[in-house]
Amino acid sequence: MNSVSKTFSLGEDWLTSGTAIAIANGKMKITLSEGSRKKINSSWRVVQNIVEKGHPVYGINTGFGPLCTTKISKEETTVLQTNILQSHSVGVGDPIDAEIAKLMLILKAQSLAKGFSGIAESTLDRIIWHIQHDAIPVVPAQGSVGASGDLAPLSHLFLPLIGLGKVVYQGETLDAASFLKKAKLSPLQLGPKEGLALINGTQFIAAHALKVVEKLHSCLTQADVISTMMIEGLQGSVKPFYEELHALRPYKGNIHVAKRVKQLLKGSEILEDHIDCERVQDPYSLRCIPQVHGASRNAWLHLKELLEVELNSVTDNPVIIDEELTISGGNFHGQPLALALDYACLAASEIGNISDRRIYLSLEGNSPGVPKLLMKDTGINSGYMILQYTTAALASENKGLCFPSSADSIPTSLGQEDHVSMGSIGGRKALQVIGNVEKILAIELLTAAQAFEFRKPMKSGPFLDEIHKEVRKKVPFAEKDRVFADDIEKGIEMIKNKTILKVLDKVSSEKNISLNTPYTNEFEVY
């Protein structure tokens with residue numbers, strides 16, 4: 001585990017995407033301040049008073065959904081909360097990644113710590129214990145429609161609190177009873193409102209959105225660099241990246257990408273070698289990199305900004321405002337993130353789409369000095385031809401996955417929940433698309449490096465030269481056919497490990513060259 005540098009105060013500090021991921025990765029501790037504890041206890045007492053007085057309040061002493069008019073006796077309120085966790089644990093499919101499940105715990109703890117949910121302090125302390133000790137519940141991926149919150153996945157997430165479900169703990173997947181015995185803990189007895197507070201909310205959607213923000217950011221940044229290497233390999237023009245052009249259409253993403261590409265090309269001998277060539281303009285996949293990559297960056301920024309609101313919101317129902325006011329509303333509805341996730345999914349797909357076009361372009365043999373199929377001795381060798389088949393397949397698969405989940409709504413709960421967001425499906429789907437984009441970018445990295453090789457002995461700028469050297473440490477230049485699947489796997493590993501970004505940081509530090517733009521801070525994960 002990484003050394004911890006800071007402590008985050010749940011319910012009081014402002015949670016960002018980067019902070020949530022840092023907590024999940026063990027780089028930041030969490031605590032619950034006395035101020036938050038007072039708010040939590042105050043809200044909890046309001047719930048106890050409601051139960052004592054017997055006035056019907058949704059979810060506290062009534063049934064749920066279509067049973068909202070069914071009065072529950074004081075004696076049965078605790079049974080109701082246990083039953084709701086059991087009855088709503090209907091998830092199916094493979095378990096979600098443990099990191100996403102841990103993010104769900106973190107996001108729910110942040111929401112509950114605001115003190116508007118009526119939960120007991122001891123229950124929140126147990127959730128925090130799970131986070132601190134990496135005791136991560138097993139949560140099936142399918143079953144949420146993204147309104148009334150993520151009921152099914154959140155139910156599975158909190159089953160271990162009452163001694164049910166499964167937990168990954170100290171390298172083992174244990175049933176809850178075995179886990180509690182190993183951890184020397186006892187199951188909790190949930191009080192009025194607690195079960196509903198635990199399972200009502202958007203934490204499944206938001207946790208997936210967090211990973212979308214993190215992984216898409218990595219793809220966007222690496223796509224800018226890889227495409228710039230392809231520009232060098234195919235002797236593309238630098239003029240489409242001039243700030244004078246983008247000042248006339250000043251989208252943040254476009255300006256950021258254009259400036260980054262120019263910075264990466266600075267000092268390039270390759271660029272100088274063809275500055276007065278007769279080619280008038282490049283195909284769109286090179287010339288329109290700022291417009292296409294930039295548009296996807298703008299979509300990413302939109303999701304990040306909306307997600308930050310969500311991470312610091314109370315999304316369960318009902319909410320306890322004070323002794324006089326309890327509101328049954330719709331803060332659990334996932335629509336704000338559902339729409340943005342579909343937008344981000346499309347933005348990710350487009351990065352893969354234009355990357356595939358650049359790969360195809362590199363195979364045509366229309367750039368001086370670069371042979372057809374990126375190999376001199378073809379005929380007996382197929383060169384890099386078939387790698388583009390794979391990117392075509394991945395890009396096409398992504399197009400099919402881009403149908404917006406939020407465009408669909410199926411009524412549930414006997415019509416009480418008659419419009420749902422499907423944001424849970426959108427979040428899962430966006431991550432699937434991004435996974436395909438990582439593979440496409442890995443193949444573009446290999447083809448760009450191969451094209452780049454034909455420009456030797458000329459040098460590029462310091463960034464691209466060092467990145468090319470790093471690629472060659474893992475994947476040698478191809479003079480004849482070989483099992484390219486092995487190369488692709490190494491490329492994917494470099495993309496996932498952010499090898500390119502690490503080289504950028506190293507060169508920037510060693511040579512004291514900044515890659516910042518006016519919008520760098522906005523386009524980072526904080």
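Predicted model: local features only at pLDDT ≥ 70, side-chain atom pairs only at ≥ 80, totals over all residues.
1. A residue is called buried when its relative accessible area is under 20%.

2. Leu-414 is another non-glycine residue with a positive phi, here near 55°. You will find Leu-414 in the loop between α16 and α17. Is Leu-414 buried or exposed? Exposed residues are those over 50%, and Leu-414 has 82% relative accessibility, so Leu-414 counts as exposed.

3. Next, the cis peptide bonds. One runs from Asn-317 to Pro-318, with omega near -5°. Pro-318 sits in the loop between α14 (289-311) and β8 (319-320). A cis bond also leads from Lys-456 to Pro-457, and omega there is near 10°. The loop holding Pro-457 lies between α17 (423-453) and α18 (462-474).

4. Now to a helix pair. Two packed helices are described by the angle between their axes and by the distance between those axes. For α15 (residues 335-363) and α16 (residues 385-401), the axes come within 9 Å and cross at roughly 160°. Because angles over 145 degrees count as roughly antiparallel, α15 is roughly antiparallel to α16. The crossing of these two helices is left-handed.

5. Which residues of α15 and α16 meet? On the α15 side they are Cys-345, Ser-349, Asn-353, Asp-356, Arg-357, Ile-359, Tyr-360 and Leu-363. Facing them in α16 are Met-385, Gln-388, Thr-391, Ala-392, Ala-395, Asn-398, Lys-399 and Leu-401. Sorted by class, this contact has eight nonpolar, five polar and three charged residues.

6. Finally, a sheet to trace on screen. Three strands form an open sheet in the order β4-β6-β7, and their pairing is antiparallel. The edges are taken by β4 (136-137) and β7 (172-175); each has a single partner strand, so one side of each has no neighbour in the sheet. Between β4 and β6 (residues 166-169), which run antiparallel, there are two bridges. What is the bridge partner of Ile-136 in β6? That partner is Val-168.

Definitions and conventions. Residues numbered from 1 in each chain as written. Heavy atoms only, no water. Axes fitted to C-alpha atoms, helices over the stretch in contact; angles between N-to-C directions. Helix = DSSP H or I, 4+ residues; strand = E, 2+ residues; numbered from the N terminus. Parallel < 35°, antiparallel > 145°, perpendicular 65-115°, else oblique. Left-handed = near helix turned anticlockwise from the far one by under 90°. Contact = heavy atoms within 4.5 Å. Nonpolar A, V, L, I, M, F, W, Y, C, P; charged D, E, K, R; others polar. Buried < 20%, exposed > 50% of the residue type's maximum accessible area, 1.4 Å probe, protein only. Pairing = 2+ DSSP bridges.
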